[in-house]
Amino acid sequence: MNSASMYQRIACLSTEAVEVLYALGAEDCVAGISGYTTRPARARDEKPKVSGFSSAQIDRILAVKPDLVLAYSNMQSEISRELISAGIEVHAFNQRDVAGILHMIKVVANLVGKQEQGAALIAELQAQIDTIKQQAALWTRRPRVYFEEWNEPLMSGIGWVSELIQMAGGEDAFADLAVFHSAKQRIIADPAEVVRRAPDIIIGSWCGKKFRPDSVVARDGWDHIPAVRYGRVLEIKSADILSPGPSAIQHGLVQLHILIAEWQAAQKA
């Protein structure tokens, strides 16, 4: 593609699209962002906010005159439909695993003619994954990790989170639910099921609100859980792990690995 055929004005309806475009040095292509954008922090000052996550005023998106809109998942299908009806090109990503995150970076890089930068970013993330997997391979025991994405109702982690737990040296206590795309299918109807699965580590990452470990340890019967007994009820901020972009690896995976390494050290003490 020559530069004249590249996209010049991209409205990003999800935070990871903004994160990738900035990381590629293509921030000039970003015409508008989601109000939930967290990385890089300066994007919130530099770019107009044109949408929420699952809600948007189409006029605000059209006002930035995008030649492309990047959307994410079925949560934005209605917004995408309205934009397509208004004559706008839309690319809806649907990455749910680590391979999907790396593929998304490659596609975004191609859309803006930053193939070399895209390949470099993917190589850097892959190197980080490989290093952590090598370190985790030295451990003989894997702690069971319960990752809580929401508390009312209880909801376990999405696909890439489950995969990152495994890469970091843990075992996802609810790996059986992580295969489901829909959040509703990852609801844990009976909190006693968490007690039965006896996680060694509990990680809270309540999407968009502060995690309250005190409320977790006070749940009925949860004082029997090893994680609660040994004080391993911890938080990873949702911005660091629940957005399927580079930050899930650069921040989420790294934090998971540190928490699991601390558990490993405690077993030897």
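Which elements do the buried residues of α5 pack against? In this predicted model, they pack against α1, β4, β5, α6 (115-136), α7 (159-168) and α13 (246-268).

## Helix α5

Helix α5 covers residues 98-111, 14 residues in total. The distance from its first C-alpha to its last is 20 Å, close to the 20 Å expected at 1.5 Å a residue.

Because 10 of the 14 residues of α5 are buried, the helix is largely enclosed by the rest of the structure. The buried residues are Val 98, Gly 100, Ile 101, Leu 102, Met 104, Ile 105, Val 107, Val 108, Ala 109 and Leu 111. After α5 comes Gly 113, which has a positive phi near 65°.

## The five-stranded sheet

Five strands form an open sheet in the order β3-β2-β1-β4-β5, and their pairing is parallel. At the edges lie β3 (49-51) and β5 (90-93), each of which pairs on one side only.

Going through the pairs, β2 (residues 30-34) and β3 run parallel and are joined by two bridges. Here Ser 34 stands opposite Ser 51 in β3. Three bridges link β1 and β4 in the parallel sense, with Cys 12 opposite Leu 70 in β4. Four bridges link β4 and β5, also in the parallel sense, and Ala 71 stands opposite Ala 92 in β5.

Ser 73 belongs to the loop between β4 and α4 (77-85). Its phi is positive, near 65°, in a residue other than glycine. Is Ser 73 buried or exposed? With a relative accessibility of 9%, Ser 73 counts as buried, because the cut-off is under 20%.

## Strands β6, β9 and β10

Strand β9 (residues 201-204) pairs with two strands named here. Four bridges join β6 (residues 144-151) to β9, and the two run parallel. Three bridges join β9 to β10 (residues 233-235), again running parallel.

In the loop between α9 (192-197) and β9 is Ala 198, which has a positive phi of about 45° although it is not a glycine. Ala 198 is partly exposed, with a relative accessible area of 29%.

## Aromatic rings and charges

The structure holds three aromatic pairs. One of them is formed by Trp 206 and Phe 211, edge-to-face, at 5.0 Å centre to centre and with 80° between the planes. Trp 206 counts as buried at 2% relative accessibility, and Phe 211 counts as buried at 3%. Ring pairs also link Tyr 146, Phe 174 and Trp 222 into a cluster.

Two charged side chains are placed over tryptophan rings. The charged end of Lys 209 sits over the ring of Trp 150, 4.2 Å from its centre. The charged end of Arg 219 sits over the ring of Trp 222, 4.7 Å from its centre; Trp 222 belongs to the cluster with Tyr 146 and Phe 174.

## Cis peptide bonds

Where does Pro 40 lie? Pro 40 is in the loop between β2 and α2 (43-46). The peptide bond that joins Arg 39 and Pro 40 is cis, with omega about -15°.

Pro 153 is in the loop between β6 and β7 (154-156). A cis bond runs from Glu 152 to Pro 153, with omega near 0°.

Terms used
Residues numbered from 1 in each chain as written. Predicted model: local features only at pLDDT ≥ 70, side-chain atom pairs only at ≥ 80, totals over all residues. Heavy atoms only, no water. Pairing = 2+ DSSP bridges. Expected span 1.5 Å × (residues − 1). Buried < 20%, exposed > 50% of the residue type's maximum accessible area, 1.4 Å probe, protein only. Contact = heavy atoms within 4.5 Å. Phe/Tyr/Trp six-rings, centres within 6.5 Å; stacked < 30°, edge-to-face > 60°. Lys NZ or Arg CZ within 6 Å of the ring centre and 35° of its normal.
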